[in-house]
Amino acid sequence: MKRGVILLLILLVGLSAVILRMPNAAFGNSFILGPIGEIELKTALTDSPTEVNLYRVVGDESIEGIGNTSPDYGKVRYNLPSEEEAVKFAIKALERYGGLPEDAVLSKVQTEYAEVIDTDTGKVDRKPTLIKVTFKRCIDEMPVIGPGGKIVVYIGDNGEVVDLTKIWRKLEYAGKVKIIPAKEAFEKLVKGEVIMKPMGRLKLKVTDVEVGYYAVGFGKKQEYYTPVWIFHCKDHLGNNVTLAVKAVDAGGEDF
Amino acid sequence: MWKCAILLLAVSILPSAAYSYSITNIEDYTSLDDLTPFGTQVTEKVQYWLGTKDGWMQEFYHKDSSVDKEDFGTLNSGWQGLDESDFHWHVGHGLHGLTNDGDIALYDYSIWNPGRKVDSWMVEGKWDLNNEWVVFQSCYVLEDPNWAAALKYSHMHLGFETVTYIDPNLPEKFFEYAINKNWKIFDAYKKATIETFGGDVEAAVYIDAREQINDHLWGHGYVAPDEYPDDNYVYHYHWGCE
């Protein structure tokens, strides 16, 4: 009896493994289980580009903040400008620090709130705290992902600049470099060979794949902006998840 | 008023060793993807900043198979896990899906062993002993708002509502702001998350009482009193790290 149950279990596990790796007839795609979790490819993998420009880091133009005191991010503020005006205040604020870089693009403008939750009734009362204006870096029309390559400006009452973070490295063109095909990068993704390891078992649909660069955050050294295949995914809640796989077979070089 | 004065005096003269921290680190899993050696690197950052640099006492450090449900303050008598220390940092996988709504995975969690997790209902109203601040460096855990119900007398629960990534830079930046620059805990955490992650990470904080948003780490500025009696209001902040 026991042996029967064990055999049945082995059969079930084997079948599950086969089914999970089989093309899904309904979508024409496949679910694959890997260390990151369940990955479903919902887009085509392109053959191009085969090479990208390489950029060496030759300096740092980062700004870690505008003062030493706590910015009071959570303070409720009732005199915030409009989001459109907040962008103008942010650009104006950057003039003091060399202006908005040429390769910066406006990425997001968002009002943030403090939420008071009544746990008995579930009622939520929202009060505005700040407007966040984010600029991201774009190189050769390709996105820069990761914590680097961004400017975040927090705008408070009447356009006051509450905080400013700029993680921006000075780059120099360093020639062209061959990159691996998207298909190979996807295989690495499935094996969990990503630049940043997620802290959960994910259920992802890959909706878009493109080449870009990965920039590290403050306090980390980076010799080159890392060319990466970027996998834009949606998780089971519909949230964006961006995973990056190194696009250059570096052979010991720090790409 | 005189109570406040005594409290301020006590805070200013108490040696750092009077404050305590604890860490749970799960990086070696039987079924989920391992997070080695990054969980240990996160641990070393917390130990350096709170222990070596600021002189706090380590209440406990449990790793992998030695981490169990009780470490998260599931008991209200006897040894009470994270509730024994002022500050707790957990690093490890979070769970969210069909059968999980923002849970902590223990080292041997799997679909065959689904009970090996910590769910928010296990700690409802139970963080009421010594703890003030808890960080969960895990995916999705604060997607479940019921974790806020743990904050009986604890002040603040910091974590993530979406995916996040294992990165020792988070504690490094957090403590740099909270200890070196004496920033408020909330501000230090928010700044650290923005400097560490990209746009797909949504960080979150639950605070028990309005005034506690002004909390600093012990010895680095004002700390609001515990909320007494505990009420039914919590304060929720969340932001994208783009």
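The model is predicted, so to speak of local features pLDDT must be at least 70, side-chain atom pairs count only at pLDDT 80 or more, and totals for chains, interfaces and linings use all residues. Residues are numbered from 1 along each chain as its sequence is written, while chains are lettered from A and ligands numbered from 1 in the order in which they are written.

**Exercise 1. Find how many helices and strands chain A has, and what share of its residues is buried.**

Step 1: Helices (H or I, at least four residues) and strands (E, at least two) are DSSP runs, numbered from the N terminus. A residue is buried if 20 or more other C-beta atoms lie within 10 Å of its own, exposed if 12 or fewer, and partly exposed in between, with C-beta atoms placed from the backbone.

Step 2: Read off the elements: chain A has three helices and 13 strands.

Step 3: Of the 255 residues in chain A, 35% are buried.

**Exercise 2. Work out which strands pair with S8 of chain A, and which way its side chains point.**

Step 1: Two strands pair if DSSP finds at least two bridges between them.

Step 2: On to the partners. S6(A), residues 124–139, runs antiparallel to S8(A) and is joined to it by six bridges; here A:Lys136 stands opposite A:Lys150. S9(A), residues 161–167, also pairs with S8(A) in the antiparallel sense, over six bridges, and A:Asp163 in S9(A) sits opposite A:Tyr154.

Step 3: Check the turn. Five residues lie between S8(A) and S9(A) in their hairpin, and A:Asn158 in that turn has a positive phi of about 55°.

Step 4: Now the cover. S8(A) spans residues 150–155, and six of its six residues are buried. A:Lys150, A:Val152 and A:Tyr154 point one way, with A:Ile151, A:Val153 and A:Ile155 pointing the other way.

**Exercise 3. Trace S5 of chain A to its partners: which one is in chain B?**

Step 1: Start inside chain A. S5(A), residues 104–118, pairs with S6(A) in the antiparallel sense over 13 bridges, and A:Ala104 stands opposite A:Arg137. The two strands form a hairpin with five residues between them, where A:Gly122 has a positive phi of about 85°.

Step 2: Cross over to chain B. S10(B), residues 233–240, pairs with S5(A) in the antiparallel sense over four bridges; B:Tyr233 is the bridge partner of A:Asp118.

**Exercise 4. Describe what chain B brings to its contact with chain A, and look at H4(B).**

Step 1: Count residues in contact (C-beta atoms, placed from the backbone, within 7 Å). The tally is 46 residues of chain B and 44 residues of chain A.

Step 2: List the elements of chain B that give two or more residues to this side: S4, H3 (169–180), H4 and S10.

Step 3: Sort by class. Ala, Val, Leu, Ile, Met, Phe, Trp, Tyr, Cys and Pro count as nonpolar, Asp, Glu, Lys and Arg as charged, and the others, Gly among them, as polar. That side of chain B has 22 nonpolar, 13 polar and eleven charged residues.

Step 4: Zoom in on H4(B), residues 185–196. Twelve of its twelve residues are buried, including B:Phe186, B:Tyr189 and B:Glu195.

Conventions: Two residues are in contact if their C-beta atoms, placed from the backbone, lie within 7 Å.
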